[in-house]
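Trainee: I would like to go through this model with you. Could we begin with the charged side chains?

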Amino acid sequence: MARTAVDFGAAREQVTLERVSQYGPIIGLVGLYAAFTLLNDRFLTVGNQVNVLQQVSIIGIMAIGVTFPILCAEIDLSIAQVMEVCGLTIATLAVGARLFEGVAVPVPAAILVGVLLGATFGAVSGFVTARFGVPSFMTTLAMLFLADGLGLIVSGNRPIIGLPPSLTGLGGSRVFGFPSIVIVFLSLLVFSQLLLSYTKFGLYIYAIGGDRQSAERMGINVRLVRLGTLVISGAFAAIAGLVTLGRLGSAIPTMGSGLLLPPIAAVILGGANLFGGSGNMVGTLIGVLILGILQNGLNLMGVGPSGQLVAQGIVLMLAVLANVVGQE
């Protein structure tokens, strides 16, 4: 009888921890909204909320991409530098500058080359990881340095200016008064969630992230799926580089600086399992919003960058703790 009571208590505690892990991101986001609404009357205005979405869109696009490998129990540490080199490549091709001096190509062709370049970085990382068993942590770290160096070569370590409006419009224009960059972000989010929910590829990602050996016994091509998640991550990083051109109005060799960890942090804040197998794009959106709301709200309160970093560190530590404890 005593043992039954202990087992029941342990089971109840496990259910409670799982619920905290599952609903913690939503509770955290609602709590932040409530707190900043009470502390500042400008926070909940429509203009400020649109501004938050605009500010987080680049990180959000990268977070969507990196969600795929994380769900598959992989990681991509090259996203910031891939975003950077792809954006620089698109810009230099479109204006015929630096490495491509005198060989300007139509904007659609430049965009296609940039996205394919991002996918290629992911494909190389994915092939080495899947074929030779090298941890994706190491392969994507190598791609980080490679992409960083190629970005300097492509741009000549100088900004690319004079970008055509057709190139900057995707990230810097407005559609019916709404920022186009936000439309791109939300469209990619919906597409990615549909891909995860209604395709075999999405099902395979969850299966491999949950138990790779069982997935292999089920006949799933584990190598191809793992490679595919890193290809998607690289392509989404390239798209983030494309919209960044519109956001900045130019291509800067350091435009990927500081953008490696926030997208990964957003995925974890959204409740995705650190070890793969669980999570979704809705959670990633919540994680991105938590980062954006926290920064925006603290800005409105006059808190400086150092204080914001401290707050983000505390929130991320709590999220990781809830994530890990909820899986035990």
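Mentor: Arg212 and Glu74 form a salt bridge, with 3.1 Å between the closest N and O atoms; the term denotes a side-chain nitrogen of Lys or Arg within 4 Å of a carboxyl oxygen of Asp or Glu. The two residues are 138 positions apart: Arg212 belongs to helix α9 (residues 212-217), and Glu74 to the loop between α2 (46-71) and α3 (79-95). Helices are DSSP runs of H or I with at least four residues, strands runs of E with at least two, numbered from the N terminus.

Trainee: Before we continue, what kind of model is this?

Mentor: It is a predicted model, in which local features need pLDDT of at least 70, side-chain atom pairs count only at pLDDT 80 or more, and totals for chains, interfaces and linings use all residues. Residues are numbered from 1 along each chain as its sequence is written, and side-chain values use heavy atoms, without hydrogens and water.

Trainee: How many salt bridges does a search of the whole structure find?

Mentor: The search finds two. Arg226 also forms one with Glu74, the closest N and O atoms being 2.7 Å apart. Arg226 lies in helix α10 (residues 222-248) and Glu74 in the loop between α2 and α3, so this pair ties together parts 152 residues apart in sequence. Through shared partners, Glu74, Arg212 and Arg226 join into one network.

Trainee: Is Glu74 buried or exposed?

Mentor: Glu74 is buried, at 8% relative accessible area; buried means under 20%, exposed over 50%, and partly exposed in between, with a 1.4 Å probe and protein chains only. Arg226 is buried as well, whereas Arg212, at 30%, is partly exposed.
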